[in-house]
Amino acid sequence: MESGNTLTVADLGVVDYGAALDLQTAMVTARLEDRIGDTLLLMEHPHVFTLGRGADERFIVANPNAVPTYRVSRGGQVTYHGPGQLIGYPILKLEGRARDVTRYLRNLEQAMIDALREFGLDADRRAGLTGIWIGQQKIASIGVGIRRWVTYHGFALNVSTDLSFFDLIVPCGIEGCRMTSICKLSAVQISVHEFSASMQKSFAQVFGYDTIISQTAAQIWQQLDSPRAESQSQG
């Protein structure tokens, strides 16, 4: 299995949230066992609310459409995922100086800032908070999990998202937080697929990968189903 400066990217399209959780769980185990290398999963989800480990359910203010809700093993409060939003789940083994949670979070932010700049949008951080803002509005959220220094969960950036769903929650537990999207701020309509291409490039640059390998969902699952001994004999 290739590793080191190689990043595998799987752009999976629309994936049910529960299925994405199962995939991440399997991939974290495989990464811990070195059956796979560092991988960035990119996708969209159907409408869903998620709550971090210690999130307050009262931050879901209303749910008239019975949007599914999950409490998961990431940091952070409540957020919304849905069509038109690019979701990124990095499955990375942090080693050496990279074993720094704050550094990891800042790198995720920088990768999104750099990708947005390619579309003429000047995004930035906000002191004391995690995520990305453009002006007074938030465009991307981050909530990560780390198991024995292998990362999972990740980031969500609004490309053409229906922002009305954020009105049903207190986004990230920040009172008065208003969300925005690329398509709301740009005169040019951008697809999630188009933004994904820029995000892959900026992610690789910020995290120091010099090679990107693309894989399909079938290829990902084939690797996960392969016995460890077979993987090591080929590595």
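1. Buried means under 20% relative accessible area. Glutamine 200 has a relative accessible area of 14%, so this residue is buried. The model is a predicted one. Glutamine 200 is found in helix α4, which covers residues 192–207. Leaving out residues up to four places away in sequence, glutamine 200 touches Val9, Asp11, Leu42 and Ile212.

2. Valine 9 is the next residue to look at. Valine 9 lies in strand β1. Its relative accessible area is 2%, so valine 9 is buried. Its contacts include Gln200, together with Leu40, Leu42, Ile212, Ile213, Ser214 and Gln215; residues up to four places away in sequence are not counted here. Valine 9 and isoleucine 36 are 27 residues apart in sequence. From C-alpha to C-alpha they are 12 Å apart in space.

3. Now the largest nonpolar core. This core has 35 residues. Leu116, Ile182, Phe195 and Phe203 touch the most other members. At least two residues each come from β1 (6–14), β2 (39–44), α2 (101–117), β7 (132–134), β8, β9 and α4. Helix α2 gives the most, with 8 residues. Another core lies apart from the largest one. That other core has 24 residues, among them Val15, Val48, Val150 and Tyr152.

4. Not counting residues up to four places away in sequence, phenylalanine 203 touches Leu7, Leu40, Pro90, Leu92, Leu108, Ala111 and Tyr209. Phenylalanine 203 is buried, and phenylalanine 207 is buried too. The two are 4 residues apart in helix α4, so about one helical turn separates them.

5. Aromatic pairs come next. A pair of aromatic rings is described by the distance of the centres and the angle of the planes. The count comes to 7 aromatic pairs. In one of them, the rings of tyrosine 80 and phenylalanine 166 have centres 5.3 Å apart. Their planes stand at 85 degrees, and over 60 counts as edge-to-face, so this pair is edge-to-face. Tyrosine 80 lies in strand β5, and phenylalanine 166 in the loop between β9 and α3 (182–185). The pair therefore ties together parts that are 86 residues apart in sequence. Are these two residues buried or exposed? Tyrosine 80 is at 0% relative accessibility and counts as buried. Phenylalanine 166, at 5%, counts as buried as well.

6. A second pair has another geometry: what is the arrangement of the rings of phenylalanine 203 and phenylalanine 207? Their centres are 4.4 Å apart. Their planes are at 25 degrees, and under 30 degrees counts as stacked, so the pair is stacked. Ring pairs also link Phe49, Tyr80, Phe165 and Phe166 into a cluster.

7. Last, the second largest pocket. Rolling a probe the size of a water molecule over the atoms shows where empty space is left. This pocket has a volume of about 290 Å³. It is lined by 24 residues. Which of these are the closest to its centre? They are Arg74, Ser141, Ile142, Gly143 and Cys172. Strands β5 (78–81), β6 (85–91), β8 (137–147) and β9 (150–158) each supply at least two residues of the lining. The lining divides into 11 nonpolar, 11 polar and 2 charged residues.

Technical notes:
Residues are numbered from 1 along each chain as its sequence is written. This is a predicted model: local features need pLDDT of at least 70, side-chain atom pairs count only at pLDDT 80 or more; totals for chains, interfaces and linings use all residues. Side-chain values use heavy atoms; hydrogens and water are left out. Buried means under 20% relative accessible area, exposed over 50%, partly exposed in between (1.4 Å probe, protein chains only). Contact means heavy atoms within 4.5 Å. On a 1 Å grid over the protein atoms alone, a cavity is a set of points where a 1.4 Å probe fits but cannot get out, and a pocket is an open set with protein on both sides within 12 Å along at least five of seven lines; lining residues have an atom within 4 Å of a point. Grid points are joined across faces, edges and corners, and a volume is the space filled by probe spheres set on the points. Ala, Val, Leu, Ile, Met, Phe, Trp, Tyr, Cys and Pro count as nonpolar, Asp, Glu, Lys and Arg as charged, and the others, Gly among them, as polar. Rings of Phe, Tyr and Trp (its six-membered ring) pair if their centres lie within 6.5 Å; planes under 30 degrees apart count as stacked, over 60 as edge-to-face and the rest as tilted. A nonpolar core is a set of buried Ala, Val, Leu, Ile, Met, Phe, Trp, Tyr and Cys residues joined through side-chain atoms within 4.5 Å.
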